[in-house]
Amino acid sequence: MTDKEELGASLFSRTLDIMENDPLEEIFALNMGDFVSEFLISEDLASKVSKSAKDKTSRLKSQLKELVSIYSLDNTLCVLGFDSKDEYVVYNSIAKTLTQILDVDACHIYLTEEFTRGLNFDDKFLGLAGSSVDFDEDIYAKKLGYSKDDKSIIVKAFKTLEKIQIKDITAIDNFTPKYELKEYDVKSLAVVPMHNNAHVVGVIVIENYKEKTIKRAYMNLLETIARLFGTSMHLQKTIEQAEELIADENVFTEELQHMRAELTALIGDLGAHQQSFVERLAKAVDEKGQYKVAHSQRTAELSRKLCRQIGLNEKTTDLVYYAGLLQNIGKITLPESLFTNKGKLSKEEWEKLQNHPNVGVNLLMNINFLSEVIPYIHYHKERWDGGGEPEGLKGNSIPFGSRIIAVADAYTAMTSDRSYRDAMSQDDALEIMKSEAAVKWDPDVVNALFEVIKD
């Protein structure tokens, strides 16, 4: 199999073959119940109805098993199933990553008691599961959190399902700083509930030690992350319930049908939030990188057109599209000051910028559903002649998706205005691409670019 013949189905189309419409006759048979007595139907018909019900139950269980196997913990965010406080340290890492992504000073993650198994918060219904603040002692021994009747804005955001952003914390009365979280230094904050519709699992709190309004692109990203967490955690709970039904020999078909519908709806929500997460993360990257246009979006869309021109399948096209959106992902974890600095960068700052794809790869490795795009991002700075980075791969040894992104990224960059130069014309950019095909870029992909642009 060549790299152009990768097989697979799109993440967002997997469930289409799983669902089916129930035939009217079978619905009638399954709902006859006690309305038909054995005196009014033949023994043969009763046997068929019974067999039909058993077949239906078996088929529904098989469908649930398929859904569970595809969308189990390994394919959602790895934030559930913890039984001891030692395992919850992953939330500290998540909180620290969010401070880097959002360019804020602190982040805290609170979860409801339903999702904090292995931890004890006494009478508090929201418990601190993770924080970006470094502690000298056991954070969970302090049992930090909020009770249901607390008047805090954290509890208000949880109950109303609305995000709250406070630019000046001194202007409100319902914020009592927690000494252990260094909140006596907080000047501004934002609270975003983690939920999937009405099912709330917790809140994310971000704080700054100076008055500051979070940029819209960053807040949009934070809301999507919160939705993604809420949906992933709700889905995992529902999967646990589905597994119990599958194991129940006396389960009613109606219960299985209801569970199938609920799981399918949650999977649809998860897919939508995953796509939104990638797109909003890309916008935040462009915001931090100070592109005058949506460079990541344009690169991704051109990458997708190239995939279709070349004839790649749907799954590969999706992965290349996401990799195109996220090829500058490392920039999101770097301080914005690096991109606004008009003076000469220090050696350390320059190295941070030069190595940003590696930072991004590390970030993506912690997000399971994006793991397949990692190779495409990691090697998109390689050159066809072997003179690129990070490993000097040459020709067909470079992942095909990386070669597509490299062409799309270069052409998009050339034809975009930057702070230090105006955009090139389409013809001038294509001429450069043609002259350096088989040197910097895959000549087949450059040929596809000409077809797409001139079409």
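Let's start at Lys 182, which lies in the loop between β4 (164–166) and β5 (188–196). Helices and strands here are DSSP runs, H or I of at least four residues for helices and E of at least two for strands, numbered from the N terminus. Lys 182 is not a glycine, yet its phi is positive, at about 60°. With a relative accessible area of 37%, Lys 182 is partly exposed; buried means under 20% relative accessible area, exposed means over 50%, and partly exposed is in between, using a 1.4 Å probe and protein chains only.

A word on what you are looking at: this is a predicted model, where local features need pLDDT of at least 70 and side-chain atom pairs count only at pLDDT 80 or more, while totals for chains, interfaces and linings use all residues. Residues are numbered from 1 along each chain as its sequence is written, and side-chain values use heavy atoms, with hydrogens and water left out.

Lys 143 also has a positive phi, of about 50°, although it is not a glycine. You'll find Lys 143 in the loop between β2 (126–131) and β3 (145–146), and at 26% relative accessibility it counts as partly exposed.

Now, the whole chain. It has 15 helices and six strands, and buried residues make up 50% of its 455 residues. Taking contacts (heavy atoms within 4.5 Å) with a separation of 6 or more, residues 24 or more positions apart account for 67%.

What about the inside? The largest nonpolar core has 116 residues, and Tyr 91, Ile 204, Ile 206, Leu 263, Leu 306 and Leu 449 are those with the most contacts inside it. The largest share of this core, 15 residues, comes from helix α5 (residues 216–247). A nonpolar core is a set of buried Ala, Val, Leu, Ile, Met, Phe, Trp, Tyr and Cys residues joined through side-chain atoms within 4.5 Å. In soluble globular proteins, nonpolar side chains tend to be buried together.

On to some helix packing. Helix α7 (residues 295–310) and α8 pack at about 155°, with their axes 7 Å apart. Therefore α7 is roughly antiparallel to α8. For the cut-offs, under 35 degrees is roughly parallel, over 145 roughly antiparallel, 65 to 115 roughly perpendicular, and the rest oblique. The axes are lines fitted to C-alpha atoms, for helices over the stretch in contact, and angles run from 0 to 180 degrees between N-to-C directions. Residues meeting across this contact include Ser 296 and Arg 308 in α7, and Thr 317 and Leu 325 in α8. By class, the contact has five nonpolar, six polar and three charged residues. Here Ala, Val, Leu, Ile, Met, Phe, Trp, Tyr, Cys and Pro count as nonpolar, Asp, Glu, Lys and Arg as charged, and the others, Gly among them, as polar.

Helix α8 (residues 314–325) has another partner: it packs with helix α13 (residues 400–414) at about 50°, with axes 10 Å apart. So α8 is oblique to α13. In this contact, Val 320, Ala 323 and Gly 324 of α8 meet Gly 401, Ile 404 and Ile 405 of α13. Those residues divide into four nonpolar, two polar and no charged.

One last stop: Pro 390, in the loop between α12 (374–378) and α13. Which kind of peptide bond joins Glu 389 and Pro 390? A cis one, with omega about 5°. Thanks, everyone!
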